[in-house]
Amino acid sequence: MASYIPSTAAQRQAMLSAIGRGNTRELLSGIIPAEVPSYPALDLPPGKSELEVRRAVKGLADKNIVFDSVFRGAGAYRHYIPAIVSSIISKEEFVTAYTPYQAEISQGVLQSIFEYQTMICELTGMDVANASVYDGATAAAEAAAMCRDRSRNKTLVSGALHPDVIETVKTYCWAAGEPFGIIPAKDGATDLEALSSMLGDDVAGVILAQPNYYGILEDAVRAGELAHAAGAKFVMSVNPIAAAILMTPAECGADCAVGEGQPLGLPLAFGGPYLGFMAATSAMMRKLPGRIVGETADHDGNRAFVLTLQAREQHIRREKASSNICSNQAWCALTASAYMAAMGESGMRSAAEQSSAKAHYLAGQLEKINFTRVHTGAFFNEFVTRCPVDVKVLCKTLAQNHILSGLPVEEGILWCATEMNSKEEIDRMIGLIKEEC
């Protein structure tokens with residue numbers, strides 16, 4: 001925000017003079033207790049020139065390992081990001097992470113959130129979406145709270161959810177003093193027979209991932225039917241790229257759709273900042289945390305945007321609040337909007353189809369060298385294989401050749417492919433693995 005200066009030195013001095021203070025030290029003298037010690041000046045090294053700083057920072061950056069090929073996902077995915085996305089989100093007007101409170105003077109930011117909500121609804125098939133939450137795990141935990149009511153308070157989550165998501169939901173339930181249960185996984189997918197036996201009058205919501213942590217495509221329709229038959233709500237945690245070609249959560253009967261928005265134009269970036277998206281049916285709208293931006297018309301009939309609903313925010317109904325979310329990832333949501341707009345329906349579908357096709361080619365090639373799949377179900381772009389060689393040695397060998405392998409897991413290796421992985425990259429890695437075998 002290079003051109004943003006809140007006040008000049010003269011303006012600050014005028015304000016101090018108006019209240020009878022000569023400088024900032026005098027202003028704070030009556031606020032900071034006298035017993036607070038006065039710390040000496042920091043022992044900092046001499047300043048450096050711009051050239052010297054650039055050299056020092058480059059030296060630090062050169063220590064980073066940047067892989068030419070990446071075959072790891074497990075919740076964060078490397079996808080192609082069109083150049084226009086960075087161009088849009090780098091504009092000074094948008095470089096803020098916060099939702100405006102004075103809606104009438106922040107039309108541009110409000111419109112960007114409105115467009116984001118609209119696209120999330122189109123992607124999930126749901127009726128309404130909020131302005132985003134911190135990440136996908138937080139979104140799942142907040143969805144669990146949405147499902148609870150006076151008579152039902154237990155949350156059931158699939159054992160095939162991402163482990164970090166499971167732990168986050170579990171922590172939220174523990175903090176709220178509400179019961180929590182894990183549905184066992186069978187052959188890499190949610191055991192629906194076990195789910196049926198666990199459903200009771202106390203179950204408020206069932207959370208399932210599509211695709212799940214192991215890459216397997218779940219029978220989400222059947223899971224939703226079981227949950228609803230028992231009087232519980234059904235929440236789907238979805239990969240937004242996969243959502244471009246799979247049945248939408250709405251078509252699967254979900255009451256709420258959540259997920260990690262990182263694949264929507266956000267780089268891996270050492271783990272963040274990311275974006276949690278949430279969408280729900282109109283019946284669940286008033287339980288959505290955070291803000292919802294709506295479209296209206298101003299006094300002159302012009303299109304305008306306003307903060308429409310903040311039903312669950314802790315500063316609105318603090319004593320009744322079921323969420324402490326009163327912010328959002330506005331800049332990350334803008335990034336997702338720019339990405340989805342740039343890709344369009346055909347681009348999103350192409351990214352999903354290429355990811356799936358390349359993952360299936362990778363699985364086939366690995367199968368030929370005895371890296372057999374652990375689970376038999378249909379998958380999207382991730383899958384787990386057995387590893388007939390030492391996993392640590394294999395990962396080290398691939399890393400030395402600038403390849404980030406799949407993620408070592410208890411059953412073997414969780415592999416991933418996206419549109420970024422070419423056939424040549426896959427074949428090169430297979431050749432290196434053959435040498436190890």
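**Stop 1: a pair between a strand and a helix**

Select Arg-303 and Glu-115: their side chains meet in a salt bridge, with 3.7 Å from N to O. A salt bridge here is a side-chain nitrogen of Lys or Arg within 4 Å of a carboxyl oxygen of Asp or Glu. Side chains of opposite charge can pair when their charged atoms come close. This pair links distant parts of the chain, 188 residues apart: Arg-303 is in strand S12 (residues 303-309) and Glu-115 in helix H5 (residues 107-124). Helices (H or I, at least four residues) and strands (E, at least two) are DSSP runs, numbered from the N terminus.

This is a predicted model, in which local features need pLDDT of at least 70 and side-chain atom pairs count only at pLDDT 80 or more, while totals for chains, interfaces and linings use all residues. Residues are numbered from 1 along each chain as its sequence is written, and side-chain values use heavy atoms, with hydrogens and water left out.

Are the two partners buried, exposed or partly exposed? Arg-303 counts as partly exposed because its relative accessibility is 46%. Glu-115 is also partly exposed, at 25%. Buried means under 20% relative accessible area, exposed over 50%, and partly exposed in between (1.4 Å probe, protein chains only).

**Stop 2: a second partner**

Glu-295 is partly exposed, with a relative accessible area of 43%.

**Stop 3: a pair within one helix**

Go to Arg-222 and Glu-225, whose salt bridge has its closest N and O atoms 3.6 Å apart. Both residues lie in helix H9 (residues 220-229), and because they are three residues apart, about one helical turn separates them. In the whole structure, a search finds five salt bridges.

**Stop 4: a sheet and a helix across it**

Now show the open sheet of three strands, ordered S13-S16-S15 with antiparallel pairing. Strands S13 (382-385) and S15 (407-409) stand at the edges with a single partner strand each, so one side of each has no neighbour in the sheet. Two strands pair if DSSP finds at least two bridges between them; four bridges join S13 to S16 (residues 412-416). Select Phe-383 to find its bridge partner in S16, Trp-415.
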